[in-house]
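Visitor: I have a model open and would like to go through some of its parts. Can you take my questions as they come?

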Amino acid sequence: MSANGGKARQLTTHSGKEVPQTFTPDGRYLIFKAHIQDPASSALFPNAMLTELYRVPVTGGRPEQILATPAEAVSISRDGRRILYQEIKSFENEWRKHHTSSASRDLLEYDFDKKTYRFVARHDGEDRDPVYAPTGKSFYFLSERNGGSMNVYEGALAGPATEAKALTHLKGDPVRFLSSSADGLLCFGYAGEIYTLVPGRSEQRVPIRITKDPATDEELHLSMSRTLGSAAVSPDGKQIAFLSRGDVFVTATDYTTTRQITKGSQAARGLSFGADNKSVVYASTKDGAWDLYIAKVERSEDQNFPNAMAIGDEKLIPSLKGEKMYPSISPDGSEVAFLYQREKLMVYNIKTRQTRQITDGTQSLDPDFSWSPNGKWIAFAYVSRGRGPYTDIGIVSAAGGQPIYNLTNSGYFNNNPRWSHDGNVLLYATDKYGMRNHASWGSLNDIMAVFLNRATYEKYRMNDEDLALLEEAEKQAKADTTKTKKAQPAKADNGRIEWDNLDLRTVRITPASSRLGDFQLTADNKKLFYFSATEAGEDLWVYDMRKHTTQLQKKMNLSSPFFASDKKGTKFFILGSSPMTLDPKTDATKSITMAGTRHIDRIREREVMYEEVVREEEARFYRKDMHGVNWKQLTDHYRTFLPYIDNNQDFAEMLSELLGELNVSHTGSGARAHASAFPTAELGLFLSPVAGSGALHVDEVVAGGPFDTSRTKLQKGSLITGIDGVTLQPGQDYFPLLNDQVGKRLLVSFRTASGEQVDEVIRPISSSTLSDLLYKRWVKQRAEEVERVSKGTLGYVHIPSMGDPSFRTVYSDVMGKYYQKKGIVIDIRYNGGGRLHEDIEAFFTGKHYADQVVRGRQYSEMSSRRWNRPSVLVTCEADYSNAHGTPWVYQHLKVGKVVGMPVAGTMTSVNWVTLLDPSVYFGIPAVGFRLFDGRYLENTQMEPDVVVPLDPNKVQQGIDTQIEKAVEVLRAETK
């Protein structure tokens, strides 16, 4: 678009992310960064973060690649022969502040004629946004040098990269977005304002006044969705209360009538229906902190919430100060259990208004606790012995004053306790018997049943004949009692717990472990409904408790459904993304639909979301000192920017600036965007332009791609001349011909190296499918490089993420095709984390302590399931989270040497939190890794034993200098 205004013109059409950088000096081209295609010769890791530079005519046309190595914040020299840029080398949030590590950005200059790279600004902290000075002898940039905030600096292009002169000395907020006019007038953003700077003078604020009409989309009008996520069913089964974007709603189960109970209540973290069917207790932060509130139908003549004419709302326990959340009303409606100060289980008596403590807060409780039907006990999952996150199942007296009874005492995961309707059985899920992931987290689960008294257990074990005899005797005894007009005694066994030998009355119910979901017993304890995923989503299964048989009841393909029922167990409900009723007798299901709309004040909603970030980050940050920042002062300051934000992208950026003040990994914010409606399809080819022609030269056919078939005539050296029946013209942008073509039949015309013109029909693949193929290609090339350089003595594995699939590949290759090698090169470059540090350490520290032999012939070495020869670990600056912890453990425990580049200290576990607007999220680094000397691994950089960078020129020629050095180091150990 013209700087004078006018109509905007689209220049690029690829569906991938494209970010403009600068114009060429003559104004004819726009330079932008994007990840479209590396050269076929490149050994760079194929990742969308590692973009290329392109230029496109300002009139539109075919993009042309001008730099194959990652670069951003580009400034081009006046003669167009050189560029300044900042590195792209880490997954770290770009708004993080004050970190001094290998992940912080340095500045380089690239010479197009000489094809050389050189650092022009380099120090342990951040250097950003370089721009050439008009003289061409110096440049300006942003930096956090000298321990302060980001400011404007000047450096000499011919001087040392470590030296620079500060031009501004602004404090507090960082300077951002530095740019320069042709005559050297600098412009930047600071504290929400725009400033200009003539070097050598003081910065000047630019007075700007923006007048605009109120944004029409700041008042959202949404139809009620069918999703019932956090929900509670009324005791009579006629209503369902649920939470939606911070408010409480109640819908009828037999009709579509839906009523909004609260407005702007900031409700979340649990709600519960009262025994009278006319009250709901919920948790909310509408008064600034988590507290419990009770909403009631006020008019006695109103039968339910959906049709109520008046609804009252008040704090439930105003006398008790402190955070209260996750309410659960007792079966008789007289008491409310809740989590106090995020740690203690408490019970509030509604009639007496007295509160009592149930647990002492030393245990980490799962907030999904459950009352026994008689109201005497509360069951929950909890970390019992300081071995988180593994949980046991505990039962505690609702009266208080008694210790927790640990039902499981297991080193496995146990969770999701569920009472039977008569209180005689407690179900829970465990991964004790399931097939486990080879490494890291994950396993299949089973449903267990604890029969709480002997009478119930004995009935469960009886055969049909014995049970029939017992039921007939009980029936006769009841009849005799009626004849003599004596009062029938209550069933003494219901809800009674006999603590002795509970382990002997604990039974594995499911016949086979599975990817288990929620579960529910029928009121007569004869059928167990449960969800399990065997293909894609979860399906409904039923287990016959008498016949001990299982069958698939209905294919549903649901995502995280859960059960609920009325108090008597006559009505079951399946809640979640597709709510429905389930008849426990006939197994029939019926969809639940809701009518109505709701209105959302997005300005107010952003204020609420901001306060949640402020509150939760402080409450859950892994260190109480918040890394030494004044959190209240910071959050008060950033709160002043809220009135000027009118979209989620800017809101997420502002949150990232705030969270960046903590100088910690695993945080920041983001706004989820919708995927492109017309994604660009991939041909599975490495292509390059042909001078003077519109054709595209095939540099390589990607193995596994659409043209990697036995029938095609297309090979390396062919020329693509047309797509979808359209002949390619010089300078023509051909991506529109590939948009929205993924998986569809597409005609591709090409000329073979021998001159034959051919038309072939293929089905193009998605960018994610191509990315997977390119990754496999890259790994194969690195393995071939190790094989060549080591002269066949060493093996190579790459670990892309710290999870089970990666470990299985490592195990398969190391103990398979590389088993007789002298050593293994373990490459973890560009690994975003997970949890494998213990598994890697254990696997690569095997010892050869004996041999198995058969009649004198070697059969196997012991250990046979661990690598017992040397290894070397390769790292880079992009390694993150557990990919920082893994090399630290590897080096600290002297497993082997580490080769490559330093890894920033990011070994912290994160909770990613979705806010009221589900498109916005933020991170809380909640679990730190502390060493015996008191230091944390967070911000403790891992320094390799041998430091070697990736040479940007050699890597484009297919030479990986880090792998070559790793081979050299390991060969020295294996001679």
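Visitor: What should I know before reading any values?

Guide: This is a predicted model, in which local features need pLDDT of at least 70, side-chain atom pairs count only at pLDDT 80 or more, and totals for chains, interfaces and linings use all residues. Residues are numbered from 1 along each chain as its sequence is written, and side-chain values use heavy atoms, with hydrogens and water left out.

Visitor: Start with Asp368. Where is aspartate 368?

Guide: Aspartate 368 is in the loop between β30 (364-365) and β31 (370-371). Strands here are DSSP runs of E, at least two residues, and helices are runs of H or I, at least four residues, numbered from the N terminus.

Visitor: What does aspartate 368 touch?

Guide: Leaving out residues up to four places away in sequence, aspartate 368 touches Asn416 and Arg418. Contact means heavy atoms within 4.5 Å. With arginine 418 there is a side-chain to side-chain polar contact of 3.2 Å. A polar contact is a pair of N or O atoms within 3.5 Å; within protein, one must be able to donate a hydrogen and the other to accept it, and residues adjacent in sequence count only if both atoms are side-chain atoms.

Visitor: And which side chain does aspartate 518 make a polar contact with?

Guide: The side chain of asparagine 416, at 3.1 Å. Aspartate 518 lies in strand β39 (residues 515-521) and is buried, with a relative accessible area of 7%. Not counting residues up to four places away in sequence, its contacts include Asn416, Arg418, Phe529 and Pro561.

Visitor: Now Asn406. Which strand is asparagine 406 in?

Guide: Asparagine 406 is in strand β34 (residues 405-406). It counts as buried, at 11% relative accessibility.

Visitor: What does the side chain of asparagine 406 have a polar contact with?

Guide: The side chain of aspartate 392, at 3.3 Å. A polar atom of the asparagine 406 side chain also lies 3.0 Å from the backbone nitrogen of threonine 408.

Visitor: Change of topic. Which residues of helix α1 are buried?

Guide: In helix α1 (residues 454-461) they are Thr456, Tyr457 and Tyr460. They lie on the same side of α1, because they cover an arc of only 100° around the axis; the arc is that of the directions from the helix axis to the C-beta atoms.

Visitor: What covers the buried residues of α1?

Guide: The cover includes β36 (425-430), β37 (446-451), β38 (506-508) and β41 (538-544).

Visitor: How many residues are in the largest nonpolar core?

Guide: There are 52, and among those that touch the most other members are Ile799, Ile826 and Phe844. Helix α11 (residues 961-974) gives the largest share of this core, 5 residues. Apart from it lies another core, of 29 residues, among them Val281 and Tyr340. A nonpolar core is a set of buried Ala, Val, Leu, Ile, Met, Phe, Trp, Tyr and Cys residues joined through side-chain atoms within 4.5 Å.

Visitor: What does β6 pair with?

Guide: Strand β5 (residues 72-76) is joined to β6 by 3 bridges, antiparallel, and 5 antiparallel bridges join β6 to strand β7 (residues 107-111). Two strands pair if DSSP finds at least two bridges between them. Serine 75 has leucine 84 in β6 as its bridge partner, while isoleucine 83 stands opposite tyrosine 110 in β7.

Visitor: Which glycine takes a positive phi in the hairpin of β5 and β6?

Guide: Glycine 80, with phi near 75°, in a hairpin that has 5 residues between the strands.

Terms used
Buried < 20%, exposed > 50% of the residue type's maximum accessible area, 1.4 Å probe, protein only.
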